[in-house]
Amino acid sequence: MTTQIDSLEEYKKAYQESVDNPEDFWKKQGETFVWKKPFDQTLQWNFEEPNVKWYINGKLNITENCLDRHIEKRGDQTAILWEPNDPSAPIQKYSYRELLSAVNKCANGLKERGIKKGDRVVFYMPMVPELAIGVLACARIGAIHSVVFAGFSAQALADRVDDAQAKMIICSDYNHRGSKNIPVKEVVDDAMDKSCNSVETVLVHKNTHGEINWSSEVDFWWHELIDHQSSKCEAEEMDSEDILFILYTSGSTGKPKGVVHTCGGYMVYTCYSFRNVFQYKEGDVYWCTADIGWITGHSYIVYGPLLAGATTMMFEGVPTYPDAGRFWEVCEKHKVNQFYTAPTAIRALMAKGDQWPAKYDLSSIKVLGSVGEPINEEAWNWYNDHIGKGNAPIVDTWWQTETGGILITPLPGITDTKPTYASYPMPGVQPVLVDADGNIKEENDVEGLLCIKFPWPSIIRTTYGDHERCKNVYFSTFKGMYFTGDGARRDKEGRLRVIGRVDDVINVSGHRMGTAEVENAINEHPSVVESAVVGYPHDIKGQGIYAYVISQNKELDDTFRKEILAMVTKEIGPIAKPDKIQFVSGLPKTRSGKIMRRILRKIASKDGNNLGDISTLLNPDVVSEILNGALV
Ligand code: WT7
C-alpha cells in the first residue's frame, strides 16, 4: 500500500522529499503495487511536446491491484456497497471476491463480442454496480473505457462515440432517477441513427421492466452475454503508458476533448491521494456522491478506493428523493465515515433547512469532502456545523479531469482548514501563481494564474487523437508549465484559494461547460443570427448560464425561448440550458470583431454600472441597450 501520512511533520517531510527528489519519492510509492514486470525508471518528461512518462517499461494490470491483490486479506470485505434510488429497494453488496468474479465474467463477455486490448468501449449508464463492473472489465482486458454521463443528449453521445471510434456501447434500458424513469436505450438508439458507425455491439443492462426497441444485429442483453461466462479471466499485461481510459471534457473552444489517462501513473496517484486525503482506515465506509460519468467517480468511487482496499459506496439516486434528508438518511443507515460531495449539492440541501440533517445520526462521519467548484463561506460553514458538527475536517479538494487526482487540499486532522481554501499542495505537486507574462509570483498574499511546474503521476498524457490540442491548451500559454485555466490567490500564510476559471469555461452545478459549445448549440436554431454565452453568480448552481441572442426574423416570445432551450437540450443535454436568455440587437465587439465577453459578464453579474472604458468598441451604443434590457 502507498504511504499514509499521519502527522503534520510527516506531511512536511514527504512534501520536501517529493520536491527535492521526486523520482525517489514516487519510485517508493510505485513499488508498493503488484507489477507483472517492474518498471526500470520512474520518470521521463518534457512539457514542450509535451511528453510525460511514469514507471517506464513497467507492466501491470490495474485490476490486479484493485481486486486480485485484496482477495487474501479482505476477500469477504465489501468492496462496493450499492444504495438504490428507491429507499425501500434492496441494497447490493459485492465483496472483493464477488467483484472479481463479476468483473471477470463481464471481461469474458466483452471478449466474446470481439473486444480486445486497445479497443474503445463507451458507457452510457446510470449509477448501478454494472457500470463499475464494466469499467473494470475493460481494464482487465486492456480495452479503453470512455464513460459518458447519462444526462448528455444523443448528439453529445454520438460525438464522443465517433471521436473515440468506439466498438461497443454499454447502456441500460432505463434509468431510475428520483421519481422519473428515464429511457436510456432510446437515447443510444438515437445516437446510433445519427452516426456511431464504428459500433458493432450495444450491450444493454436490464435495469427496469420498461419496453425498449431492439435491433437484432447489434443489440445484446447483458444477462444473456455475461451471466454464463467463466469467472476466471487472465489480466491483460499492460504497459504503464498504455491508455486506461478517455474521458471527454469541455474546453474554451470547439468540441469536448478526450482527456487520456494511462495505467501506471494513474494507479499510483489515485491510490496515494485517496488514502491521504480521506485518511481511510480499515473497515471504514466511504461515500462519494459523484457520478462515474465524471472524473471524480473514476478516481474516487472506482479506482482510488478499490486500489486502497476500501468499502466504496455507489448511490443510484439524487439528493432530494424521496426528500431532502436522503443523503443524511443514507449516511446514518450505512454509518458512513468519509462523505465527499459538491458545493452545489450542499447549497441546495442547505436551502431546504437545518431540520433535515438534524433528523439523523451523523456521528460516524470523520471527514467531509468538497469538490468541483469553489465552495462559498456560507456553504462551508453549514457543512461544517450541520453535517460535521464541528468534528469532521472539511477537505476542499481542487483538481481537474486533466489532473486525474486531487492536487490541492487540506489533509484532515493533519493540516489546518480555512473556509473556501483548498489550501496546500499534495506531496509531489508543485503549484505556482504566475502573472499574464508567465512570471512566477513568489510572495504570499497575491493573486495569479494557477500553473503546475512539475509533473505528477496522473497528469493528462494527451487529448485523444489530437496531441497538438493538448499542447496548445495546457502547455503553450506558459512555457515549461502546465496551465490549469484557473485563477487563484495565496493568503499570507501560503494557503491557496482557487477562485475560478479565467478562460471561457463555466462551471454550472459542478458541471464543466464551454461557453462556445452552448453558443454553437443556440446558433443551430435557424432564426438565431448570433449569440454570446457567459456565466453569472448563481446561489445554488455556483454559476448560471446567461445567453445573449440576436435574431432577425423571429418574434421574441416565449415560444422562441423554449425552442432555444430545446435546441440546447438536443445538442448537449438539459444541464447546458441557459437560465436566462436576453434578446439583443447586437453584441459589443472590438474593432477586430471579437465579442467583448468581459462586458457581457459584468452586465449578467449585476455589475453593469462598472464597465470601464467602452469607447474603443466598434459599437458602443449597443451596450446601453443591453444594459437596459438586462435580466438581473
Ligand atoms: C474545474 C475542473 C475535480 C473533479 C470535478 C471537476 C473547478 C474543481 C475545485 C475546488 C475551486 C474547483 C476548477 C477546475 N474546481 N474543484 N475545490 N475549488 N474550484 O472536474 O470538470 O475537470 O473541472 O473545476 O475551475 O479547473 P472538471
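Biologist: How far is the sulfur of Cys 171 from the closest cysteine sulfur?

Modeller: A disulfide is a covalent bond between the sulfur atoms of two cysteines. In practice it is assigned to a pair of cysteine sulfur atoms within 2.5 Å. Here the closest cysteine sulfur to that of Cys 171 belongs to Cys 196 and lies 11 Å away, which is too far for a bond. Cys 263 is likewise in no disulfide, its nearest cysteine sulfur, in Cys 66, being 11 Å away. The rule gives a count of zero disulfides.

Biologist: On what kind of model do these values rest, and how are residues numbered?

Modeller: This is a predicted model, in which local features need pLDDT of at least 70 and side-chain atom pairs count only at pLDDT 80 or more, while totals for chains, interfaces and linings use all residues. Residues are numbered from 1 along each chain as its sequence is written, and side-chain values use heavy atoms, with hydrogens and water left out.

Biologist: Are Cys 171 and Cys 263 buried or exposed?

Modeller: Buried means under 20% relative accessible area, exposed over 50%, and partly exposed in between, with a 1.4 Å probe and protein chains only. Cys 171 is buried at 0%, and Cys 263 is buried at 3%.

Biologist: How many salt bridges does a search of the whole structure find?

Modeller: A salt bridge is a side-chain nitrogen of Lys or Arg within 4 Å of a carboxyl oxygen of Asp or Glu. The search finds 37. One of them pairs Lys 333 with Glu 83 at 3.0 Å, N to O.

Biologist: Which parts of the chain does that pair link?

Modeller: Helices (H or I, at least four residues) and strands (E, at least two) are DSSP runs, numbered from the N terminus. Lys 333 is in helix 11 and Glu 83 in strand 4, 250 residues apart. Lys 333 is partly exposed at 36%, whereas Glu 83 is buried at 0%.

Biologist: Which residues does Arg 601 meet in a salt bridge?

Modeller: Arg 601 meets Asp 504 at 3.6 Å, N to O. Asp 504 sits in the loop between strand 25 and strand 26, and Arg 601 in helix 18, 97 residues apart. Asp 504 is partly exposed at 26%, as is Arg 601 at 37%.

Biologist: Which residues are joined into one network by shared partners?

Modeller: Salt bridges with shared partners connect Asp 416, Lys 418, Asp 491, Glu 493 and Arg 495.
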